[in-house]
Amino acid sequence: MDDYQEMERFGMENDFEDGQWIDGEFYYRKRKEKQTQTKEKVLYGVFASDTDSEDDGSSSTKRRKELSKKHDFTKPVNFVYTGTVMPTQEIDKNSKVENDANVFDENENASTRGLGSGVGLGFAGNSGFQKSDGNVGVDENADDSFLPSAFGKKIKEGAQRREKERERLRMEKKSLGGRREVGGGNGDVGAFEKYTKGIGMKLLEKMGYKGGGLGKNEQGIVAPIEAKMRPKNMGMGFNDFKETKLPGLQQLEEKKSVSQQPTGRAKEKLWLKNAKGRKKDLYITMEELLAKKQEEGVEVVQKVIDMRGPQVRVLTNLENLDAEEKARENDVPMPELQHNLKLIVDLAELDIQKIDRDLRNEKETALSLQTEKEKLEIEASCQKQRLANMEQIVSVLGQIEEENLSGSLTLESLAKSFRDLQRNYADDYKLCNLSSIACSFALPLFIRMFQGWDPLENPSYGLEVISAWKDVLQREDSSHIWEDVTTPYSQLISEVILPAVRISGINTWEPRNPEPMLGFFESWEKLLPSSIVQTILDNVVMPKLSRAVDSWNPRKETVPIHVWVHPWLPMLGQKLEGLYQTIRMKLSNVLDAWHPSDTSAYAILSPWKTVFDSVSWEQLMRQYIVPKLQIALQELQINPADQKLDQFYWVMSWASAIPIHLMADLMEKFFFVKWLQVLYHWLCSKPDFDEIKNWYMGWKGLLPQELLANESIRNQLNCGLEMMVQAADHVPVVQPGLRENVTYLKVREQRQFEAQQRSAAQAQQTAAAGLGTSVPEMTLKEVVEAYALQHELLFKPKPGRMHNGQQIYGFGNVSVIVDSLNQKVYAQKEDGWSLISLDDLLKMHYNSLARRR
């Protein structure tokens, strides 16, 4: 028997016995049992203990020995203490509970164990029981000899029932493929293992598998992939071909999501095609994408360098900074694939935006080109029209040239032709500067017309002709002075009118008679360009006025100087400032011998009050007029019985010319002192108050309004009223200014005494030095200035002119340098600066005047 079994085991002719064919494959009913790989053997290998293998009975060597071993059933039963022996029902119930508890721990080798392993009886190995074709049987030879007593039969029957129950559960386990149901899972999972020993499920269970899909997150498929034959040469998705579907996959996912919902968020299997909880794919069109980007506006791209990982990343959006961590936290399936897809989508969006931007640029370029084309077409039409206009203008100019050559050209016909051209072709008239051409034709005719003309005698000659040509020759936009110089009209006036005015002004015009020249300017005011007017004033009028002022002698001439100088103030303005110093100097020389009774001084000086600056006018009044008026007030005698008012009238005539503070001070010191003293003595002699009142009102009426408005004058009059009120009330009248007068007299006497001593000492020094014409205390500059003043010459510094760091002065018409350090005077001659005396300097001045005349 053993030899036959060995031969059957290793033979080849019986390979397809004891099995069946399923779906084209051959499955053995009883395959070779392999040793179970325990956890201890995985850890320790060959050094592991043999207790597990002995207990499990999975070792092939031990099984072979047990099969060849012959059991001796004649031996007495070996009992093992297991507690109280229960009846048959109890034994059946306990064995059932025990079998239920160990149903998933039993393996296929349990059939080789002894009976005592299940119920505590000490049967050895396979005593009386053998596994054959899935049925449990008892050796017929041992039925009668095994436990013949009634107690033994009950034990035997219970053991047989438990063995049958164990075999039944083992077969059910095989039919299920050795796989447990997890969360109500599909019972078909692993159903193919019912034809095998379920070694795959066992290996998975030892690795911790409890059902569901494979993978950490159970993302693997559960149902096997179904193969479906497709037509030859047919591609994927051709002609709506129905592909294979995963049976039961959708239901399994629904059950799993329901079972795991209380513990956490359902993990969506996005890779499943028919997943029920999968989000619906969203598609946006190109227009929607561009509208969204336009609403978001221009995004400022800022690079962010991420150096947290092993590689440096450059990001342009902070949203993708922690994308990997978020994907791992949310258990996103296949994050690398999703990341790559997102990159592809972003690149597609960028391409769409770039294409849209390029399209807009091309549209804008096309629009600009269209606009440029329209402009060029308009310009071409304008050029064509301008060319036609040029031909007409050339023909008109040709006719004018023929008339000029023939001598029949006149100013009227020439003006009419160019006026028509200006009206019909205004733009071309400016572009071609036809006014210059008209000026070239008209200039000879105007020179012939104005030849021998005197503008001072006949200033209105040619006004109508010049006025008609002004619109033809002058530009409308020539408002600036420098643009006005370059116009053809200005050139015509400078060639025709200006020479005539210059000749008449220099040769025949007299500055003391300004009416002819002023009449010319009045007649030609609207026709003369501003540049021509300034040229006439600078080159004709100002030189003549300067020479006239220099030659003016106020002692001999009866016509006041303001009569022929002031008319030029509106036109010359600040240019006359240089003449004012000369005029003041000549007036001061005359005022030295002036007496207040001479009213001509007021007629000469009063018009200059508004012309001279306030400082110069006040200095002139203080130095030459006020002292003379002071003497007149000192000579005034106040006598109520016989009052003479000549000196008082002389002083009051200057009230409007002299500054008010100087006039008030003069009246307060030299008039009201006497006036209050006379009033005081009158009030002390028991007067008639009506006479005093009339006397007071008479003096007040003689004062001009300028003085009555002054506060100090009002105070003096109020002082007199108070004295009159005191006298009327029979109150002793206080003498006005008693204490002040005493102090004033003492100070005045002291000053007069000191002045007399200084004059005596100065006379002694002058006699000792033998110099009667000079004062030693005067500097060289003061000596030259006094010498110029003595000869009625102007001596003043020239602003901005220096030579070797020294100021240049003007001595009349000669430029001089005063070297105070070396006590020398240098004059500027043709060959340079040379040393000169004061007498030679005066001769140089007169020689320069003679050369100018």
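Mentor: Start at a turn. S7 and S8 form a hairpin, with two residues between them. Asparagine 804 sits in that turn and has a positive phi of about 55°. Keep in mind that this is a predicted model.

Now look at the strands on either side of the turn. S7 covers residues 795-803, and S8 covers residues 806-811. They run antiparallel, and five bridges join them. Pick out proline 797: its bridge partner in S8 is tyrosine 809.

Stay on tyrosine 809 and look across to S9. There, its bridge partner is valine 816. S9 spans residues 814-819. S8 and S9 run antiparallel, joined by four bridges. They also form a hairpin, again with two residues between them. Glycine 812 lies in this turn, with a positive phi of about 65°.

Next, the cores. The largest nonpolar core has 117 residues. Phe418 and Trp675 have the most contacts inside it. Helix H21, residues 530-551, gives the largest share of this core: ten residues.

Zoom in on tryptophan 675. Set aside its neighbours within four places in sequence. Its contacts then include Ile638, Trp695, Tyr696 and Trp699. Gln716, Leu717 and Gly720 are in contact with tryptophan 675 too.

A second, separate core has 16 residues. Among them are Val825, Ala827 and Ile836.

Key. Residues are numbered from 1 along each chain as its sequence is written. This is a predicted model: local features need pLDDT of at least 70, side-chain atom pairs count only at pLDDT 80 or more; totals for chains, interfaces and linings use all residues. Side-chain values use heavy atoms; hydrogens and water are left out. Two strands pair if DSSP finds at least two bridges between them. A nonpolar core is a set of buried Ala, Val, Leu, Ile, Met, Phe, Trp, Tyr and Cys residues joined through side-chain atoms within 4.5 Å. Buried means under 20% relative accessible area, exposed over 50%, partly exposed in between (1.4 Å probe, protein chains only). Contact means heavy atoms within 4.5 Å.
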